[in-house]
Structures are given as C-alpha cells and as structure tokens.
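Hello,

Here is the structure I said I would pass on. Please open it next to this message and follow along; my notes come below it.

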Amino acid sequence: MTDNLLPEKSREISGDKLGALRTWIVAGVIAAARLARADDLAYVPGTGDDPVRALEVFPAIELVPVAGVPSAIAIRDAAPDENKLLFDGFEVPSLLLGGRSVFLRQLSSVRVEADGFGVEQGRATGGLVEVSSQSAQQLVAELTPIDLALGRNGIAIRGSFFEPVMRRELELDPDRHAVTFQVRVDHRAGDHGWLALSQLGAIDNDGGYVRTVLTYRYRRGPWRALAAGSFMNDHGDHWLDTRAELRRDLGHALGLHALEVRAGEDTSWVVDQHLYAGAWAATTAALTRDVVFIGGLRVDAFEHHVTAQPRGMLAVHAAEMTWRLAAGAYRRPAMDDASTPQRATQLAFSVEKNWGVSRSELTAYYVDRERLIVDGKATGVATNLGLELREVVQRGPWRARLGVSYSHATRADRPTAPSHAADYDLPVHVDALASWKHGAWQLGARVQLRAGLPYTPVTGGIYDADSDSYTPLYGKPMAERAPWRRELDLRADRWLLPSLRAYLDVQLDGGVLGYTYSYDYMQRLAVRAPAVLPWLGIAGNL
Amino acid sequence: MKRALLACLLAGCVDASDPPWQLDHDRVLAVAADPPRVLPGQSARVSALVAHAGAPVDEEQPVAMTVVSPRELYTAVHYNLDHWQIDAPAVTEPTALVVEMRLPPGEVATKTVWLGLSGANPTVAATVPDPFPRGRDVELGDGEWFTSCGTLRGTTLRVDQTCDGQLVVVVRDGDGGVAWQVLALRVQ
C-alpha cells in the first residue's frame, strides 16, 4: 500500500525486483501504512498547499468541517476521537487550527495508517496519522493569503495575520489570534546516541496546546533503543507521557531468513484525571524470501481495565503481485474510565501490482466495533465493509492518480436495535488528479466526487420559557444525507528558483457541506462551500 | 453585503434565516405564570406572547398542559372551564414545577413555576418615540426587544425605511417572573 507520495527509498520496495531481504522487511513493516513526506503533499490542487487537506487524496480520509472549516480527521467510519493523531510518537488533540495544518510542511513527514496500526501504538480503535518532525538547517518560508511561516535551524513559527482582519469584517471576534510553531533541535550523544528535542504548538484564544518531546535514540550493532518523554499542556490539562522500546536484529535465526524482535512500553498520565499504561512485544520475520510476517501483542491498562490486543500482518509476494492480509484487535478507554473499553476488530486484505509506469492497489476491509458509548452506556455496535482502489501513473512529465472507495458503515445503539448509517459513513468517494510538468511550470487539475455525510434531521424545537431558548426535537438517527459534492480544483506552480516556487490554487465548489438550523429549529439552513476559492502563495527552502 | 460576500468567499455561506428579534415570524416570545411563585392553595394562570408571520403579536392561552416534573405532582395542573391553571398543592419545601404546554400555532413550550413561594411578576413601562426617527440608532433601554421594523443590535434599533409595525419588550426577573409590553412603532 505504498504510494507515489513515498520518498524514493520507500517507493522502490513496491517494485517487482525486490532487492535485499532487509528491504523486504521494511516493505512488510510499512505495508499497512501510507507514508508521505509532507513536502510531497505540496502540489495537490484544491488544498491551498496544506498537507492535512492534501491527505484527502487517500480515499479513506475525510476532513470533518465545522461551519465550513476543516477541523478534524475521520478515517473510514472512525470518528475523529476514535483515531490517533501523533506528533513524534505522542498524541496531540488536533492537527488543524483554523482550517490549516498545525505543523509546518517543510519540517515534517506524515504517516497515515488506515488498515489499523501496529502494537507500538494503542488507545485508539480507528486509524492513525503521525507527524514526525525533521531537522532543517536551511531557511524555510511560506506566504499565503492568510498566514506567514518562517523557520531556520529547525525552529519555525507561523502566524495568521489575515484571520483577525476577516473576523473583524465579519464581526465575529476581532481579538481572536492563532499562532502555530514547531521546533526541532538535534544533538549527537556519543558515538551511538542521538538526542532530539521537538515541540509543536497551536495557540489561539481558547488556549490551544503545546506538546514538547525529548527523544533519545541509540543504535549499536544489531541493537536499537528509544526512550522518550513528553509534556503537553492542552487547554489547561497537563499530560506527562513516556515511551521506550528496544529492538534486536537477529538476522538469520530459527530457520528464518531474517528476524527482528522488539518490545516497548508507553504511559500517558493526565494530571488529576487518569493514568494509562501499555506494554507490547512484536516480531518481524521473513519466513521465506517472499513471505514476511509481522505480529505482536499489546496489553493496555485503562485505570480499572486491562486488555490484550493481538495484531498481525502477512505479506506475500507472488505472481508479480504483493498480497497482504492484516488483522488486529484495538481497544480504547471509555470516556468515564468506569465503563468497559471500546473494542474494534479490523481486517484488511490488499493486493498491489506494479505495472512499470503505473501501480494499482485494491483493498477490501471489514471493521467490527463494540461497546460504543450510547447515552452513557457502552452498548453501541458498528460494522464497516468497504473496498478501495488506488491507481498511480507516472510517465514523463505526466503524473496521475485515482482513488475510489465504496463503503457501507452502520451503527446501532444496541446489538438488537435497528442500525443506521454511521456518523462518518461515506459510501462513495472518488478523487482523481493529474499534473503536467514542463520547465519551471507545473499544472494540475483534480476532480472530487463524494457522497454527503449522514445527519439526524431536526423536526422542530421546544421553547424553554425559563432560558428563552429552544431545545431541538430529533427525527430518526442519521436518516438523511447531505447532497453529493462535486469539486473541481485547478493549480499552477511556477518555480522562481530551484527551491522557491509561487503557486495559484483555485477551488471550484459551492456545494452543500452540511446543514445547520435556525435558532428555533424551524428552518434548515444549508452550509455551502465557497463557490470559488483562489489561493496564492510562495513557499521555499532558501 | 460586503460582509456576506467575504464570508461566502472565505468560509462558505449559510442560508439566511429570520433573526431571533424578528416579529414577522411564527414563534413564542415569552411565557408567563401569574403569579410565577405560588403558595399552597393558590392558583396561577399561564399565558404566552406569540409572534406570527404576517400578523401582529397576541397573547395566547395554552390549549393543552401537563406536568413534566416532578411527575408525582401531575394533579397540580387543571383545566378550569375555559383555561388551564396551576393549583399549588402543599409542599414541604420550595419546589420547581415544570409544565409543558401546547400553544395555538402548534408550538410546544416549557415553563417553571415555583411552589411554596410567593412573588409577583415584574412590571414594565417602556416608551418609544412617536414617530420613531428614521435612519438613526436609537437605544431602547433594558429588556429583551423584538421588532417588526428595521434592525436590532442588542437593545439598539435602527429603521431606515417607513414602516408601521410593533415593538415588544420582555423583562425577566431571574426567578421565573416575566412581563411584557407591546408598543406600536410608526416610522415616517
């Protein structure tokens, strides 16, 4: 399931001519992952050069808008709070602030896992998006109509100077401010160690969050170790987290072509609230030159509950294709800590074929969820069955990609209750883009077609005379859907210098994003995307 | 217009709807119990001020009423000849009686009446200039205001066109007491 967004090193593992066995193991490790350098997410039309918005090229990912502004990430049917967002291995509450990425594209790489994820991470039942900071010595700069980002020596800050103007014009909240910043400082510690201090912050009037991570990596011979500690202030909540892991490459052992074993732990303490701890052990083994197995067991302790989660994946290279089968158990603590943890079982089967100038990948998946919280009780159940097709073509100056997904996701309040569409059920999602590069120019176009998200209609309101407000009366759960969305995006990039480019990105949409209601719930009001949204920017590394 | 265009361009648009202060809209403006706090043996009558699309506001009596909580006091609500009323039962301590009523336009409203306490609704005596000045911001004073002419921003009314309509002020005392006044609005 690699992608043309992959860096060269990773891209080559999808080829028919597999190299060394170690390459195969790397292939296996990332088989279930979609890895992208954030810099490679820079040329996607209709994104305003924003790497999180560009993640929607993956059929599994949908950005959840609040009042028309992308605010959270849904992966397949998993709601934003069921997914895990990480910065340098530690959880962060959001990767979006004011509709823009919290992190700076030039100083980051992004990993997306939709078919579940390895035992190294826990406490989530959906997918995973991880941002890893990168050190950069050069000056990085980015200028768009709404913000300016500057960075050097791994330290960058981005401020939104347009938003206050817009908010004043709209009489929303003229004093609102939004600043994001990112820091990465590296230090070699001895001959075999490496120390990195990284920080990601997103501050606005509500407080925002700042996540600080200190990571020590050690590598000597077949041994690798990692120890990391982190502190986060999230709207006044203080998080103290740790991670540690140890890996040993055993090479040819136990009759296997290659073997690696690893184990680790992680803890997450939210001061005055809860302490969660997890431990895991896993192995990666090349059973033959064409068969790789990755398997492990994770044990999580959620205050009063201890739960074990086996996960595994088998990758086979046969008939000029790569076949993968991944399955795993996932647990997530219930919101009140007293209820039993939410459960998910994920199963995915994929086949990938490299045709030379193009690559095809077909994935079928099934997700079963239990013990979802409904009205304060862990009685909800859900299933999701889906198919995803991804096609990537690269020939000369042309590059094209197609992503198509079909899914059927349902939820029910109890196992015996009638089911309804899941909150983030997106039955059809088609995303096609093509780009052409000539000299200093690159031109691109993208077409998106997607079914509308379901919603529960409001049938009226009850007037509360004491508070002078209305309480909504809801109809059948998730009984209606927003209309289909059709979007055309056009983009032109012009390189002014080898590492400095200007771009114009135009989004043509105007479709209905969702609905809201009048104060008395008597009128349904459509929330529409901007009909034409032009975006001009300059970005580069100097 | 400029603001609407900017909003549509940058953050998308939301379909327009009637603002909460608009009287040209079917809605309940306020519900009052008289008295709002009743001692055992006393009775209270409930009435509502209702706005209508294309018609002046009027006072309406509930066509149906029931007790929401506490459920054991369901007998406190009676239909007496031509109206609904609350007959306060004996209670050992002040009790919030929440009633739900259906009003003639088809709207449903809830209201809390305090049992075991005594008290009256506040009074309101507001005035507006007659004729109302056109094209000027006029501060109307305390209370929650509603109008069928012009634009209200908080308690400031501005009317730019000639209009004959109504202005309503509702005053709440924070303990369930409610009073209102309907004023004629003439803008030349």
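In this predicted model, A:Glu56 sits in the loop that runs between α3 (51–54) and β2 (61–66) of chain A. Is A:Glu56 buried or exposed? Its relative accessible area is 12%, and the cut-off for buried is under 20%, so A:Glu56 counts as buried.

Two polar contacts of the A:Glu56 side chain can be looked up. One goes to the backbone nitrogen of A:Leu63, at 3.0 Å. Another joins the side chain of A:Glu56 to the side chain of A:Arg450, also with a distance of 3.0 Å. If neighbours within four places in sequence are left aside, A:Glu56 is in contact with A:Ile61, A:Glu62, A:Leu63, A:His429, A:Asp431, A:Arg446, A:Gln448 and A:Arg450.

A:Arg446, A:Gln448 and A:Arg450 belong to strand β29 (residues 441–450) of chain A, on its covered face, together with A:Gln442 and A:Gly444. The uncovered face of β29(A) holds A:Trp441, A:Leu443, A:Ala445, A:Val447 and A:Leu449.

Which strands does β29(A) pair with? Strand β28 (residues 428–438) of chain A is one of them, antiparallel to β29(A) over ten bridges. Within that pairing, A:Ala434 has A:Ala445 as its bridge partner. β28(A) and β29(A) make a hairpin, with two residues between the strands. A:Gly439 lies in the turn and has a positive phi of about 60°. Strand β34 (residues 485–497) of chain A also pairs with β29(A), antiparallel and over ten bridges. There, A:Arg450 stands opposite A:Arg485. As background, strands of a sheet pair through backbone hydrogen bonds, and the pairing is either parallel or antiparallel.

The side chain of A:Glu388 makes a polar contact of 3.0 Å with the side chain of A:Arg76.

Now to chain B. Three of its strands form an open sheet, in the order β11-β14-β13, with antiparallel pairing.

How many disulfides does a search of the whole structure find? Over all chains, the search finds one. The disulfide is formed by B:Cys149 and B:Cys163, whose sulfur atoms are 1.8 Å apart. The angle about the S-S bond is -65°, and the link of B:Cys149 and B:Cys163 is left-handed. The pair links distant parts of the chain, 14 residues apart: B:Cys149 is in the loop between β12 (144–147) and β13 of chain B, and B:Cys163 is in strand β15 (residues 163–172) of chain B. B:Cys149 has a relative accessible area of 1%, so B:Cys149 is buried. In general terms, a disulfide is a covalent bond between the sulfur atoms of two cysteines.

Regards

Definitions and conventions. Residues numbered from 1 in each chain as written. Chains lettered and ligands numbered in written order. Predicted model: local features only at pLDDT ≥ 70, side-chain atom pairs only at ≥ 80, totals over all residues. Heavy atoms only, no water. Pairing = 2+ DSSP bridges. Helix = DSSP H or I, 4+ residues; strand = E, 2+ residues; numbered from the N terminus. Polar contact = N/O pair within 3.5 Å; in protein donor to acceptor, adjacent residues only side chain to side chain. Buried < 20%, exposed > 50% of the residue type's maximum accessible area, 1.4 Å probe, protein only. Contact = heavy atoms within 4.5 Å. Disulfide = S-S within 2.5 Å.
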